[in-house]
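Open the model in your viewer and follow along. Each stop tells you what to select and what you will find there.

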Amino acid sequence: MKGSRAVRTTIALKLLMAVSGVLFIGFVLGHMYGNLKAFAGEGAFNEYAHHLRELGEPMLPHEGFLWIMRVGLIVAVIVHIACAVALWRRAAAARPVQYVAKKNAGSSLSSRTMRWGGITILVFVVWHLLNFTIVKVNPSNGETGGDNPYALLVDTFDLWWMTILYLLAMVALGLHLHHGTFSSLQTLGLTGSAVSRARARATGWIVAIVVAGGFSLVPLSVLVGIIEK
Amino acid sequence: MNLTLKIWRQNGPDDKGGIHTYQVSGISQDMSFLEMLDVLNEQLNEKGEEPVAFDSDCREGICGMCSLMINGEAHGPEVTTTCQLHMRSFNDGDTITVEPWRAEPFPVIKDLVVDRSAFDRIIQSGGFISANTGSAPEANSVPAPRDKAMRAFNVATCIGCGACVAACPNGSASLFLGAKITHLGELPQGQPERWTRVVDMVGQHDHEGFGGCTNIGECAAACPKEIPLDVISQLNKDLRTALKNGH
């Protein structure tokens, strides 16, 4: 259409999804690295959690860095979801009559589960925040509060069903990252050749395995007794 | 070969439509898929029934007129157009489901025939270069690097059949758009209008009601001309550059 504006296109929405998604990839990588401190013992883990609150002081107020992160992530979540909803609705409107028979010839499972997988991750994040950050819902031990995050972690994953819940969430996260990493690179226009596309796909695998695998190590180690109080 | 055909019949744009089942026999495996449908239509004519409407033109795989979703795959199980798909790709006794392309911007006209003029309007919005007509210019007066010329040529093979839209779960025409953007954007002649072209074509694409791309890759797998997925990356990159340049 003559006189179209680039910012009003579906590709602009996709670019917003890609940029906010890349922020999440950075966040989960950092978060996963921090969790691995649990292997260094109670002192190191709690020191790390405490240090996150002091990071940037005295230039930043107490918990200042944490709140900058939180506000940034909340904005990114809102942008990511708003664009996803807009694109989902467009996709549904673009095919009002479904096929009687439809095969998937060139798509991965992860690429086809992005939307429902994303909703799964959102529900999990709400639960995860109630469980660990707000510490309102703590099925293992109501007594353990925010003062000893290590004890909270061990108490939580000593429950087998909590470990399974978290592992299932990591499957959803791994699938989302597998396609999301590739998709964001493609949307940002960085996969203009067969070689760069193969590299982007490989990056998707690496990010998914490192993040989902790294996160899963801690609950599994608690369950089998490698990490204990 | 004897076959059971489940074919979408729809008597006009406003008809609800539905799947009808037909039996055909005596099909040679050397027939093309469209010739097999011709046999069915002869049978229907003899019985005084309305023949199945479907699109075809050159029947040699270069015009982009034929379509058909065959057993859930655009242009059927081979990487080619429906007219170049032969019955040897099927087995005696098979049941074959045949449906039209499904997308809001491709409304069904009748049976298996859809209106693909949305693609024409996308081309009209920017899929061209503006050049003065007259005698043909000297071929080597505008040098084009070989790798760019080859890429442009490879994606210029897009015949605009719409298989990418039909295969895409989002009903997006991004592979078609990407092919045209890459084709014109790789060549020197395409540069003056490069940034307005991408914005106008994507704007028209969205206006027609096509969905957004989620980089799933069904389009490239369905494309009879094997247009690769990296043209969508090129499309995104060109739009991002246009955005930066204030378009």
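Start where the chains meet. This is a predicted model, and in it 45 residues of chain A are in contact with 46 residues of chain B. Stay on the chain A side. Select α1 (10-35), α3 (64-94), α4 (109-112), α7 (160-187) and α8 (194-224) of chain A: these are the elements that each give two or more residues to the side touching chain B. Which element gives the most? Color α1(A): with six residues, α1(A) gives the most to that side. Now color the chain A side by residue class. You will get 22 nonpolar, 14 polar and nine charged residues.

Chain B has eight helices and seven strands. Its C-alpha atoms fill a box of roughly 60 × 35 × 35 Å along the principal axes. Of the 247 residues in chain B, 48% count as buried.

Last stop: two helices of chain B. Select α5 (residues 174-185) and α8 (residues 230-244) of chain B; their axes come within 8 Å and cross at roughly 70°. Angles of 65 to 115 degrees count as roughly perpendicular, so α5(B) and α8(B) are roughly perpendicular to each other. Show side chains at the contact. From α5(B), pick residues including B:Leu177, B:Gly178 and B:Ile181. From α8(B), pick B:Val231, B:Ile232, B:Gln234, B:Leu235 and B:Asp238. By class, this contact has seven nonpolar, five polar and one charged residues.

Terms used:
Residues are numbered from 1 along each chain as its sequence is written. Chains are lettered from A and ligands numbered from 1 in the order in which they are written. This is a predicted model: local features need pLDDT of at least 70, side-chain atom pairs count only at pLDDT 80 or more; totals for chains, interfaces and linings use all residues. Helices (H or I, at least four residues) and strands (E, at least two) are DSSP runs, numbered from the N terminus. A residue is buried if 20 or more other C-beta atoms lie within 10 Å of its own, exposed if 12 or fewer, and partly exposed in between; C-beta atoms are placed from the backbone. Axes are lines fitted to C-alpha atoms, for helices over the stretch in contact, and angles run from 0 to 180 degrees between N-to-C directions. Angles under 35 degrees count as roughly parallel, over 145 as roughly antiparallel, 65 to 115 as roughly perpendicular and the rest as oblique. Two residues are in contact if their C-beta atoms, placed from the backbone, lie within 7 Å. Ala, Val, Leu, Ile, Met, Phe, Trp, Tyr, Cys and Pro count as nonpolar, Asp, Glu, Lys and Arg as charged, and the others, Gly among them, as polar.
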